[in-house]
Every structure is written in structure tokens, then in C-alpha cells.
Amino acid sequence: MQTLIFNGSPRTDGNTSAIIKSILKDLKGEYQILNAYACDISACTDCRYCWQNEGCSIKDGMQAVYDYIQTCDNIVIASPIYFSELTGKLLDVGSRLQTYYCAEKFRKEKLIQKPKKGAVILVGGGDGNMKKAYETACVLMKHMNCTDIYNPLFYHKTNYCDVTDDADIKAEIKNITDFLNG
Ligand SMILES: Cc1cc2nc3c(=O)[nH]c(=O)nc-3n(C[C@H](O)[C@H](O)[C@H](O)COP(=O)(O)O)c2cc1C
């Protein structure tokens, strides 16, 4: 079993990273973590190469991600919310999934045959709401052929309590891990 995990937080010891670490303790199989703030992946520039061609005109770290998306079984999108959205760098990475949308829309090609399970984890200080970020995450999941998306985990109180100090979150994390393992 292979799991691709997108981490949208720049904080290696932050709440998003803590939840990911907790999932990894019991996750079966192999995994890859894409740290949006520590990768050499730039944003889509809408050059429209993929309107006619497979892949992407930008040659960077995303090529390996495209390969892993083909074979993996699970996708996890874990991110803080910034201004009620996924973080900027995660949106940069996510914009490179536009190649899958363009393949279907303009070339009538479905590039990812293998269906995947998905989980969305969002953390926030406590302002606004998670709706917009969740909808964006679901669009990205759809581009990667995630056909079975688990109930989202929203932890929306890091201004007051870190996940590491919150015993209640453990059960929710276990449910996600069980879903991915199942
Ligand atoms: C630029 C910026 C914008 C933010 N916007 C929101 C927001 O709209 N709503 C919210 O609840 N928290 C917001 N936050 C707080 C972060 O979501 C919060 O600190 C979160 O714990 C960060 O995740 P991490 O601990 O995994 O890094 C914002 C933080 C930053 C730096």
C-alpha cells in the first residue's frame, strides 16, 4: 500500500505535522510526504502545454509526484488554513494537478486509472471557517482520482490548544488511519 501525503504547513513542529506523525505511527505500507514549503515545485503558469500534451512543461520535483500519483492507493491532504484557504505553497503545488483536468477537458484522456482513497485534514487557529479550504482540497482530490474521501478532520482551535495537548483528537486520527489501512 502506498500513501501520498501533502503537508501544507511550513512549521515542521506545528499542528499539521503532529497529526501527520500520529497517522504514520500506524499507517501500513510505504508513504511519501510532500512538504509544500520545502519542495522544488513551482506553480502552474497556465502555459497551456497540457491542453495538447501529456505531462507538464515545467520540469521540477513535480515529475516524481506525478509518477507516485499513478501508483499510490491513498492521498492525504493536510494543511493549515490561511485566510480560510489552503496555504499558498500548497495551492502552488496543487495548481500543477491542472494537467489532469486539462487532459480530460481538452484531450478527452483520463490519465489516472487507479481509484484512490482520500483524507482531508485541516487545522486553523479558530477564525472563519474551513468550508472554502475543504472544497479546494476536494477539487484537488478529484483531479487525482480519489473516489472515496473520508469524513474530514477539522481542528479549528490551535490559537488555544495544540493538537499534542488534545486527547480527543486521537480517536479521529485513528479513524482516518484505519480508513487508509482498510
Ligand atoms: C497568514 C496566516 C493566515 C491565517 N488565517 C487563518 C484563518 O483564516 N483562520 C484560522 O482559523 N486560522 C488562520 N491562521 C492560523 C493558522 O491556521 C494556525 O496557526 C495553524 O495552527 C497553523 O498550522 P500549523 O500549526 O500546522 O502550522 C492563519 C495563519 C497565518 C500565518
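1. The model is predicted: local features need pLDDT of at least 70, side-chain atom pairs count only at pLDDT 80 or more, and totals for chains, interfaces and linings use all residues. Residues are numbered from 1 along each chain as its sequence is written.

2. Helix H1 (residues 15-26) packs with helix H7 (residues 169-181) at an angle of about 50°, and their axes are 9 Å apart. Helices (H or I, at least four residues) and strands (E, at least two) are DSSP runs, numbered from the N terminus. H1 and H7 are therefore oblique to each other; angles under 35 degrees count as roughly parallel, over 145 as roughly antiparallel, 65 to 115 as roughly perpendicular and the rest as oblique.

3. In the contact of these helices, Ile19, Ser22, Ile23 and Asp26 of H1 meet Ile173, Ile176 and Thr177 of H7. Contact is counted if the C-beta atoms of two residues, placed from the backbone, lie within 7 Å. The residues of this contact comprise four nonpolar, two polar and one charged. Here Ala, Val, Leu, Ile, Met, Phe, Trp, Tyr, Cys and Pro count as nonpolar, Asp, Glu, Lys and Arg as charged, and the others, Gly among them, as polar.

4. The ligand is surrounded by 18 residues, of which Gly14, Thr16, Pro80, Gly124 and Thr158 are the closest. By class, the shell holds five nonpolar, 11 polar and two charged residues.

5. Gln98 lies in helix H5 (residues 98-106). Gln98 counts as partly exposed because 17 C-beta neighbours lie inside 10 Å; a residue is buried with 20 or more other C-beta atoms within 10 Å of its own, exposed with 12 or fewer, and partly exposed in between. Residues up to four places away in sequence aside, Gln98 touches Cys44 and Cys50.

6. Phe83 has a positive phi of about 50° although it is not a glycine. Phe83 is in the loop between S3 and strand S4 (85-86), and counts as exposed because it has 11 C-beta neighbours inside 10 Å. Ser84, in the loop between S3 and S4, has a positive phi near 65°.

Methods: Axes fitted to C-alpha atoms, helices over the stretch in contact; angles between N-to-C directions. Near = placed C-beta within 6 Å.
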